[in-house]
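Work through these exercises with the model open. Each task is followed by a stepwise solution.

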Amino acid sequence: MNKQDFINAVNKFDTHSEAEKRIAEYFMAHYAVLPFSKIDELCKQIGVGKATLGRFLQRLGFSGFIQFKKQVTDDLTQILTTPIERYEYHTTDPTQGSTKGVLANHYCEVMDNMEKTFEALSEQDFDEAIHIMREPKGKLYVMGSASSEALASYFYLLARYLRKDVVLLKADISTLPHQLVDVCEDDILFAISYHRFSNITVKLVRWFHESGGRIIVVTDQPVNPFVAYSNVQFSVESAGNGFFNNRAAGFALIEALIKGLSQHKEKDNRFNRIEGLFDEFSIFKT
């Protein structure tokens with residue numbers, strides 16, 4: 001069931017109670033995040049009981065919330081294939097063939113992803129993210145797992161030049177609680193997660209939100225488990241024709257965030273001190 005089908009079905013109701021109106025209005029305003037909602041949290045946010053929500057969904061023809069979520073999910077989310085399935089599709093489907101070589105094809109793929117990403121990005125969201133990241137009161141936690149780990153590590157390395165208290169979180173469930181024990185409401189989480197979304201990152205974003213911290217997310221799916229919890233969300237294109245999806249647009253956005261984060265005078269002393277430490281320990285060949 002897509003959003004328009006839902007609206008059409010609700011409009012066919014002969015009567016609407018006040019509770020049903022609240023449910024319908026909430027569903028229409030938050031339709032994209034319904035696949036990731038829990039019924040207890042949902043009812044609390046709307047201000048209705050589970051029985052009331054159940055009766056509303058039965059009027060729509062569903063046995064309950066689980067069946068409704070499944071149909072919404074089927075419509076909203078793309079099929080999340082594994083790398084092997086994606087590769088087999090692109091190498092066996094004759095419509096996916098190309099006369100170009102690998103290098104030329106990859107160039108076109110990268111440029112297409114970059115163009116679509118930067119056309120869709122919001123300057124207002126970007127400025128808000130930079131404003132949050134510059135906040136000196138709390139720590140800036142950075143998290144990425146699987147292929148996102150490389151992007152998170154890259155951001156962390158450069159962000160350390162520009163502000164203090166940057167913490168790189170490892171997606172290791174046995175040590176993550178030790179890294180999070182001092183999180184407070186002044187802290188910021190910068191999370192990077194591509195589909196198939198890491199369960200650890202999803203749980204971390206939700207927990208950070210419940211702890212009162214602010215959250216910035218980079219992902220490649222506008223419909224994702226983070227929508228309801230993030231203060232700023234960036235969606236980057238990642239289409240790829242090989243075994244793995246393309247991460248070039250994500251790297252480009254991270255470099256833009258680093259550039260924005262560097263535009264303040266206070267960074268100079270920190271930058272010079274790091275360079276001095278490089279010299280002290282003879283890190284680089286002269």
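This is a predicted model: local features need pLDDT of at least 70, side-chain atom pairs count only at pLDDT 80 or more; totals for chains, interfaces and linings use all residues.

**Exercise 1. Two partners of H12**

Solution. 
- Step 1: take H7 (residues 102-120) and H12 (residues 248-261). Their axes come within 8 Å and cross at roughly 50 degrees.
- Step 2: identify the contact. Val 110, Asn 113, Met 114, Thr 117 and Phe 118 of H7 face Ala 248, Ala 249, Ala 252 and Leu 253 of H12.
- Step 3: assign the hand. H7 passes H12 in a right-handed crossing.
- Step 4: turn to H9. The axes of H9 and H12 come within 10 Å and cross at roughly 10 degrees.
- Step 5: classify again. Angles under 35 degrees count as roughly parallel, and H9 and H12 are therefore roughly parallel.
- Step 6: list the contact residues. From H9 they include Leu 151, Tyr 154, Phe 155 and Leu 158. From H12 they include Phe 251, Ile 254, Leu 257 and Ile 258.
- Step 7: assign the hand. The H9 and H12 crossing is right-handed.

**Exercise 2. Aromatic pairs and charges over rings**

How many aromatic pairs does a search of the whole structure find? Then classify the pair Phe 197 and Phe 226.

Solution. 
- Step 1: count. The search finds 16 aromatic pairs.
- Step 2: take the geometry of one pair. The ring centres of Phe 197 and Phe 226 are 5.6 Å apart, with planes at 85 degrees, so the pair is edge-to-face.
- Step 3: place the residues. Phe 197 is in the loop between strand E3 (188-193) and helix H11 (199-210). Phe 226 is in the loop between strand E4 (214-219) and strand E5 (232-235). The pair links distant parts of the chain, 29 residues apart.
- Step 4: check burial. Both Phe 197 and Phe 226 are buried.
- Step 5: find a cluster. One aromatic cluster is formed by Phe 6, Phe 13, Phe 27, Tyr 31, Phe 56, Phe 62, Phe 65 and Phe 68.
- Step 6: look for charges over rings. Arg 59 places its charged end over the ring of Phe 13, 4.1 Å from the centre.

**Exercise 3. Positive phi**

Which class of exposure does Ala 146 fall into, and which does Asp 165? Start from their phi angles.

Solution. 
- Step 1: recall the background. Most residues other than glycine have a negative phi.
- Step 2: read Ala 146. Its phi is positive, near 55 degrees. Ala 146 is in the loop between strand E1 (140-144) and helix H9 (148-162).
- Step 3: classify Ala 146. Its relative accessibility is 68%, so Ala 146 counts as exposed.
- Step 4: read Asp 165. Its phi is also positive, near 60 degrees. Asp 165 lies in the loop between H9 and strand E2 (166-169).
- Step 5: classify Asp 165. Its relative accessibility is 32%, so Asp 165 counts as partly exposed.

**Exercise 4. Surroundings of one leucine**

Is Leu 204 buried or exposed? Then name what it touches.

Solution. 
- Step 1: locate. Leu 204 lies in helix H11.
- Step 2: classify. Leu 204 has 3% relative accessibility, so it counts as buried.
- Step 3: list contacts. Beyond residues up to four places away in sequence, Leu 204 touches Met 143, Leu 169, Leu 180 and Leu 189.
- Step 4: Buried residues make up 40% of the 286 residues. The chain has 13 helices and 5 strands.

Conventions
Residues are numbered from 1 along each chain as its sequence is written. Side-chain values use heavy atoms; hydrogens and water are left out. Rings of Phe, Tyr and Trp (its six-membered ring) pair if their centres lie within 6.5 Å; planes under 30 degrees apart count as stacked, over 60 as edge-to-face and the rest as tilted. Helices (H or I, at least four residues) and strands (E, at least two) are DSSP runs, numbered from the N terminus. Buried means under 20% relative accessible area, exposed over 50%, partly exposed in between (1.4 Å probe, protein chains only). A charge sits over a ring if NZ of Lys or CZ of Arg is within 6 Å of the ring centre and within 35 degrees of the ring normal. Axes are lines fitted to C-alpha atoms, for helices over the stretch in contact, and angles run from 0 to 180 degrees between N-to-C directions. A crossing is left-handed if the near helix is turned anticlockwise from the far one by less than a right angle, and right-handed if clockwise. Contact means heavy atoms within 4.5 Å. Angles under 35 degrees count as roughly parallel, over 145 as roughly antiparallel, 65 to 115 as roughly perpendicular and the rest as oblique.
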